[in-house]
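Trainee: I have a new model to look at and would like to learn how to read it. Could we go through it together?

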Amino acid sequence: MHYTELNEARMNRLDKTTQLTTETPSALAQLDKKYLWLVLTEGWCADGAQVLPVLNKMAQGNPNIDFKLAFRDENDGLMQRVLTHGAKAMPKLLVIDPENHILLGQWGPRPQGAVNLIANYKKEHGIVDETAKADLQLWYFRDKGVEIQHEIVALMHQVLSTSLQNLE
């Protein structure tokens, strides 16, 4: 319960302070059809608290993105289909074609800079402890959601490219 309350405070703060880069809205404006962004997460997930406000801001500015959340543990069958290196890592963004329910792409559980930070810490110390978690939160604070935006824009470009190739 403690982590859920902490994450709610984080998300409320980030919802007010997160700014999209100037490139993000124009890149997402290229979406010419509807997409469902379904995110598997849980209230106690610290990465989710950092990622969800950014994804929400990105989706809010685009009528072609329908942004939905689902609890990971209540949707285990779906989660099992999108494991990260065999783990139920979250948050997990699934980009879905809402017309035919095809999974077009996925992202998560965290941006590459944060993945590298945790991997390097674990390599050096053997565990992910409170210091690593604090370092991760500091990384998110300094990044301000920019890497998340870049990675999601790249994912959507990949989705668009694949869709165009399928039409040819």
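**Reading the model**

Trainee: Which helix gives the most to the lining of the second largest pocket?
Mentor: We are looking for the element that puts 3 residues into that lining. Helices (H or I, at least four residues) and strands (E, at least two) are DSSP runs, numbered from the N terminus. A pocket is an open set of 1 Å grid points where a 1.4 Å probe fits, with protein on both sides within 12 Å along at least five of seven lines, and lining residues have an atom within 4 Å of a point. The top contributor, at residues 112-125, is helix α5.

Trainee: Before we go on, what kind of model is this?
Mentor: Residues are numbered from 1 along each chain as its sequence is written, and side-chain values use heavy atoms, without hydrogens or water. Local features need pLDDT of at least 70 and side-chain atom pairs 80 or more, while totals for chains, interfaces and linings use all residues, as this model is predicted.

Trainee: What volume does the second largest pocket have, and which residues are closest to its centre?
Mentor: Its volume, the space filled by probe spheres set on the points, is about 300 Å³. Of the 13 lining residues, those closest to the centre are Thr84, His85, Pro109, Arg110 and Val115.

Trainee: What is the omega of the cis peptide bond between Met90 and Pro91?
Mentor: To find the place, go to the loop between α4 (76-81) and β3 (92-97), where Pro91 lies. The cis bond joins Met90 to Pro91 with an omega of about 5 degrees.

Trainee: Is His85 buried or exposed?
Mentor: His85 is found in the loop between α4 and β3, and it has a positive phi of about 50 degrees although it is not a glycine. Buried means under 20% relative accessible area, exposed over 50% and partly exposed in between, using a 1.4 Å probe and protein chains only. His85 has 83%, so it counts as exposed.

Trainee: What is the phi of Lys144?
Mentor: Look at the loop between α6 (130-143) and α7 (146-167), where Lys144 is found. Lys144 is exposed, with a relative accessible area of 52%. Its phi is positive in a residue other than glycine, near 60 degrees.

Trainee: How far apart are the C-alpha atoms of Lys16 and Tyr35?
Mentor: Lys16 lies in helix α1 (residues 2-17) and is exposed, at 70% relative accessible area. Along the chain, Lys16 and Tyr35 are 19 residues apart, and their C-alpha atoms are separated by 25 Å.

Trainee: How many helices and strands does the protein chain have, and in which order do its elements run?
Mentor: The chain comes to 7 helices and 4 strands. From the N terminus on, the order is α-α-β-α-β-α-β-β-α-α-α.

Trainee: What is the radius of gyration of the protein chain?
Mentor: This radius is taken over C-alpha atoms, and the globule rule is 2.2 Å times the number of residues to the power 0.38. For 168 residues the rule gives 15 Å, and the value for this chain is close to that, so the chain is as compact as a globular protein of that length. The radius of gyration is 16 Å.

Trainee: And what share of the residues counts as buried?
Mentor: Picture the C-alpha atoms filling a box of roughly 50 × 35 × 30 Å along the principal axes. Of the 168 residues in the chain, the share that counts as buried is 43%.
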